[in-house]
Amino acid sequence: MSQPLRVAFTETDTDSIAEISGKLALMMGAEGSMNTLTRKANTLMRGALKRLAGSEAWEKTPEGKGIVINVPERMAATSILVVKTPKSPSKLLARKIGAEIAVFAGAETVTPLLATQNKAAEVVNGLVLRAYAFTKHKSAPKERADSISVMVNDPSAIEAQFGPLAAVAEGVFFTRDLVNEPANVLTTSEFANRLVALSRLGVKVEVLDEPELEKLGMGSLLCVGQGSESPSKVVVMQWQGGGDEAPFALVGKGVVFDTGGISLKPPAGMEDMTMDMGGAGVVSGVMHALAARKAAANVVGLVGLVENMPDGKATRPGDVVTSMKGDTIEVINTDAEGRLVLADVLWYAQERFAPVGMINLATLTGATIVALGHENAGVFSNNDKLCNAFLSAAANEGEGAWRMPLGKPYDKLIDTPMADMKNTGGRMAGSVTAAQFLQRFVKEETPWIHLDIAGVASPGPTAMAPKGATGWGVQALDRLIRDTFES
Ligand code: BES
Ligand code: MN
Ligand code: ZN
């Protein structure tokens, strides 16, 4: 896994800062208020920061953004980032401040001089998240700093606050690595192997292979991978940190590559479909996070891993398949494959675990990107209570999420005379008809959310992630579980 920066917290020491080489980051209030370390730097630089505070450039700098001072006088540092920081920033602003420091650092190391700064642990969390880099396929990767030291007044207290944040950040990195990995490396088997490795954290992992999936009757899921050399798999990950109550279920679409199948996609941009396992990636990252921080909750993660390829054995438009539930599906378009995968995994999750609630994640439709761009995931739900809890968790973590409608008139659009349903509903409301399809595999008594993450899984760069995978949803889901089951 791409390793998060190693962070050492050291005690505030004003006398030492003139000698720190490389890059430094300092905090200063909008009106020029300074902590002890900033004040010391200002003295060393003969009042440069005070002058900066009175400048137009500083006035125009938004909160959370900074100004760089190069080759500062009487200091060993090469450059200093001065970030406009209120005394008590919100959690999300604190993370943005950290991200600003990470972008300033680039591949080099940086020493944040935080002293008494409020939410210091969240500043460092933002720094770590934004410093992610996926470089494993560079033959000669640029050397990157792998550790930083952060100066704070109470190192052990801040370190204790940082621990659980670092555990979640590791989950985010696990997701990002999976999503960024190309499909020739991350085959269905390789994906399953990486999940089996989660057992080292105490997650119980099972891999269901094609013969078992056939026995279970997963004709809907299996028809998607028929044209691929890579065998289809369902991986079940159980984290039992709670009592003996039924678990909460997370279900992910794991299409390791989506060519569209016989309904082949056009070439332009097809390489992006390496991220079509983004839903499964997020489920895996959440399981990683829960296990790493030893969450006091029961959560089961299930992912359907398949590859959608055109081939002599591939499913054709017009084929009719039978799902595990027993409902038959006319495959109108083999490129609407994600819902075929999820249908069977959703049903299996409910039959086996009778979960107290269920959330599925999928890079399901381009229509979601048309509707919401890259700012928000589409949220569809049959249960206001669960839905609102998720929306507040997402807002709390700064992950965009916007509720979309479900309803009978939309559901009618996937009726067909040929079978119980068809897998596309036409051009209109494409993300809604996809959600309606999924809902046909959700029992009425199961509180459920479908998250269409097509627009948010891999748009980067964002405030918190470089170009490529974001890990959107890991923090929101971790928060939801924490707030609904652990408090
Ligand atoms: N994986 C795609 C959706 C997608 C598109 C994700 C762009 C991320 C970026 C999905 O399998 C798909 O192809 N959906 C079709 C559905 C259509 C055929 C009904 C789509 O959105 O065009
Ligand atoms: Mn598709
Ligand atoms: Zn797809």
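Visitor: How many bridges join β7 to strand β8?

Guide: Two strands pair if DSSP finds at least two bridges between them; strands (E, at least two residues) and helices (H or I, at least four) are DSSP runs numbered from the N terminus. Here, five bridges join β7 to β8 (residues 233-240), and the two run antiparallel. V207 stands opposite V235 in β8. This is a predicted model: local features need pLDDT of at least 70 and side-chain atom pairs count only at pLDDT 80 or more, while totals for chains, interfaces and linings use all residues. Residues are numbered from 1 along each chain as its sequence is written, chains are lettered from A and ligands numbered from 1 in the order in which they are written, and side-chain values use heavy atoms, without hydrogens and water.

Visitor: In what order do the eight strands form the open sheet?

Guide: The order is β7-β8-β10-β9-β13-β17-β14-β15, with mixed pairing. Because β7 (204-208) and β15 (401-403) each have a single partner strand, one side of each lacks a neighbour in the sheet.

Visitor: Which strands does helix α13 lie across?

Guide: Contact means heavy atoms within 4.5 Å. Helix α13 (residues 384-397) lies across β9 (248-258), β13 (357-362), β14 (377-381), β15 and β17 (448-452).

Visitor: Which residues come nearest to ligand 1?

Guide: A residue is near if one of its heavy atoms lies within 4 Å. Of the 17 residues around ligand 1, the nearest are K265, D276, D335, E337 and G366. In the side chain of D276, an N or O atom is 2.8 Å from a nitrogen atom of ligand 1.

Terms used. Axes are lines fitted to C-alpha atoms, for helices over the stretch in contact, and angles run from 0 to 180 degrees between N-to-C directions. A polar contact is a pair of N or O atoms within 3.5 Å; within protein, one must be able to donate a hydrogen and the other to accept it, and residues adjacent in sequence count only if both atoms are side-chain atoms.
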